[in-house]
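Work through the following exercises with the coordinates open. Each task is followed by a stepwise solution.

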Amino acid sequence: MQLFDTSLNDNMEVIKGDVLVAEPFLDDPNFARSVILICEHKEEGAFGLVINKPVSVDVEDVPDPLIMGNDIFVGGPVEQNTLHVIHTFDMLDGSTKLQEGVFWGGNYDELKLLHMNGEVSSKNCRLFVGYSGWGKNQLEEELNKNSWVIAKIDLKKIFEIEPENLWQEVLRSMGSKYKMLSNYPIDPRLN
């Protein structure tokens, strides 16, 4: 069943800073009702982070004070032994600008220093284990199969909206035809 009118995706290239919204029936448990921030999209493939799936972390398992003091998100099923960060600190060396005022990566030691100074919170920094990746042309094939819709949003909102509401809020922000989908139940048989 096709719910998204992906004509929005026609002639529209996915670029860093875009978000992908999973269609309501996407049955992959890694991406059901996911919102993915695209951090990089090149000819060889794409890299992104699921920005609405927080995970519980046992504090004893994590000696890093930055991780202990902040929420952690599952960025995707690939290399879940890696740590990634999205933040609003433009002074971090090595950061990649995704949109005005929102950055990916950067010098981790500088970020830890900001944390020790009390400047890091869920309102300006999100940490992710793992990532979402696509090989050459794989993302375009998924877009053609209507698995995702491309959304252009103000990325600063990802720090303001509760993660569990993000999928719904992004759809609502896209206008009337998507607003209706935002209320679609997870299991329509239970409606």
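The model is predicted: local features need pLDDT of at least 70, side-chain atom pairs count only at pLDDT 80 or more, and totals for chains, interfaces and linings use all residues. Residues are numbered from 1 along each chain as its sequence is written, and side-chain values use heavy atoms, with hydrogens and water left out.

**Exercise 1.** Determine which residue forms a salt bridge with Asp18, and where both partners lie.

Solution. 
1. A salt bridge requires a side-chain nitrogen of Lys or Arg within 4 Å of a carboxyl oxygen of Asp or Glu.
2. Lys152 meets this criterion, its closest N and O atoms with Asp18 being 2.8 Å apart.
3. The pair links distant parts of the chain, 134 residues apart: Asp18 is in the segment before β1 (19-22) and Lys152 in the loop between β10 and α4 (163-173). Helices (H or I, at least four residues) and strands (E, at least two) are DSSP runs, numbered from the N terminus.
4. Buried means under 20% relative accessible area, exposed over 50%, partly exposed in between (1.4 Å probe, protein chains only). Asp18, at 3%, is therefore buried, while Lys152, at 49%, is partly exposed.
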